[in-house]
Amino acid sequence: RYTIGGGLPTTQSTLYTESFLLDHNDTIIAIGVCDHYNDSYPDTLVVNSYKVANPIIERVNGKMQMTSVTAGAQILYTIDGKDPLTDGTVFDGPVTIDVICSIRVIAVRSGYNNSDEVHYDLGKCAAPEFECADNVLSLSTTTQDAVIYYTIDGSTPSASSTLYANPIRLERNVVVKAIACKDDMVDSDNL
């Protein structure tokens with residue numbers, strides 16, 4: 001006879017008849033029972049091998065995505081340096097985080113050991129630099145693999161503005177503004 005969950009088994013506890021799957025961390029206590037004999041002393045098995053898979057953090061289209069391959073896991077995160085286990089926000093879908101920060105993330109599930117804490121440092125793209133010679137404007141950024149978007153009408157640029165690919169020939173006076181963007185970083189300041 002046995003119990004799952006730590007209670008002492010009795011002659012009324014579940015009868016062991018075949019092997020079974022325990023799909024979470026728990027304590028199994030068993031006794032041997034036989035007519036005309038005293039019950040055996042209890043024997044305890046502590047199963048503590050189930051652990052939630054570490055969360056995966058990605059920044060896609062300016063939004064943070066957090067997942068765990070462990071079914072039923074809940075993801076908790078913070079962006080202010082606090083412990084996600086005690087002070088975390090429950091992740092329930094893509095979230096926009098547009099400040100420079102270190103994101104701390106943990107995944108939890110009842111009956112499992114918590115995942116390891118995972119960190120994601122969200123940096124900011126360096127602002128575009130302008131160089132104009134002979135009415136030809138060149139734009140650049142020191143952030144590797146960042147792309148630059150620009151406007152020539154003085155409006156605020158965004159990822160839906162014109163993508164900078166080649167130097168721009170200026171035929172008249174214009175107000176150029178630009179922004180540097182990269183999926184895993186916060187957009188630069190608009191210049």
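Tyr149 stands opposite Ile179 in strand E16, where strand E13, covering residues 147-151, and E16 pair in the antiparallel sense over 5 bridges. Strand E16 itself, residues 177-181, is mostly covered, since 4 of its 5 residues are buried. The model described here is predicted, with a mean pLDDT of 93 for the protein chain and 100% of its residues at 70 or more.

**Confidence of the model**

- Among the elements of the protein chain, the lowest mean pLDDT, 87, belongs to strand E17 (residues 185-186), while the highest, 97, belongs to strand E6 (residues 74-78).

- Ser115 lies in the loop that runs between strand E9 (101-108) and strand E10 (118-124).
- Ser115 has a relative accessibility of 5% and therefore counts as buried, the limit for that class being under 20%.

- A second open sheet has 3 strands in the order E4-E5-E8, with antiparallel pairing.
- Strand E4 (56-60) and strand E8 (95-96) are the edge strands here, and each pairs on one side only.
- E4 and strand E5 (residues 63-67) are paired in the antiparallel sense over 5 bridges, and Ile56 has Thr67 in E5 as its bridge partner.

**The hairpin of E11 and E12**

- Strand E11 (residues 129-133) and strand E12 (residues 136-140) pair in the antiparallel sense over 5 bridges, with Ala133 standing opposite Val136 in E12.
- The hairpin has 2 residues between its strands, and Asp134 takes a positive phi near 55° there.
- Asn135, whose place is in the loop between E11 and E12, has a phi near 65°, a positive value in a residue other than glycine.
- For context, most residues other than glycine have a negative phi.

**Other loop residues**

- His36, in the loop between strand E2 (26-30) and strand E3 (43-47), also has a positive phi, near 70°, although His36 is a residue other than glycine.
- With a relative accessible area of 83%, which is over the limit of 50%, His36 is classed as exposed.
- Thr142 is found in the loop between E12 and E13, and Thr142 counts as exposed because its relative accessible area is 61%, over the limit of 50%.
- Thr142 and Ala126 are 16 residues apart along the chain, yet their C-alpha atoms are separated by 6.0 Å.
- Tyr164 is found in the loop between strand E14 (162-163) and strand E15 (168-169), and Tyr164 counts as buried because its relative accessibility of 15% is under 20%.
- Tyr164 and Tyr150 are 14 residues apart in sequence, while the distance between them in space, C-alpha to C-alpha, is 6.6 Å.

**The largest pocket**

- The largest pocket has a volume of about 190 Å³.
- This pocket is lined by 13 residues, and those that lie nearest its centre are Arg59, Asn61, Gly62, Cys181 and Asp187.
- By class, the residues of the pocket lining divide into 5 nonpolar, 3 polar and 5 charged.

Technical notes: Residues are numbered from 1 along each chain as its sequence is written. This is a predicted model: local features need pLDDT of at least 70, side-chain atom pairs count only at pLDDT 80 or more; totals for chains, interfaces and linings use all residues. Side-chain values use heavy atoms; hydrogens and water are left out. pLDDT is the predictor's confidence in each residue, from 0 to 100. On a 1 Å grid over the protein atoms alone, a cavity is a set of points where a 1.4 Å probe fits but cannot get out, and a pocket is an open set with protein on both sides within 12 Å along at least five of seven lines; lining residues have an atom within 4 Å of a point. Grid points are joined across faces, edges and corners, and a volume is the space filled by probe spheres set on the points. Ala, Val, Leu, Ile, Met, Phe, Trp, Tyr, Cys and Pro count as nonpolar, Asp, Glu, Lys and Arg as charged, and the others, Gly among them, as polar. Two strands pair if DSSP finds at least two bridges between them. Buried means under 20% relative accessible area, exposed over 50%, partly exposed in between (1.4 Å probe, protein chains only).
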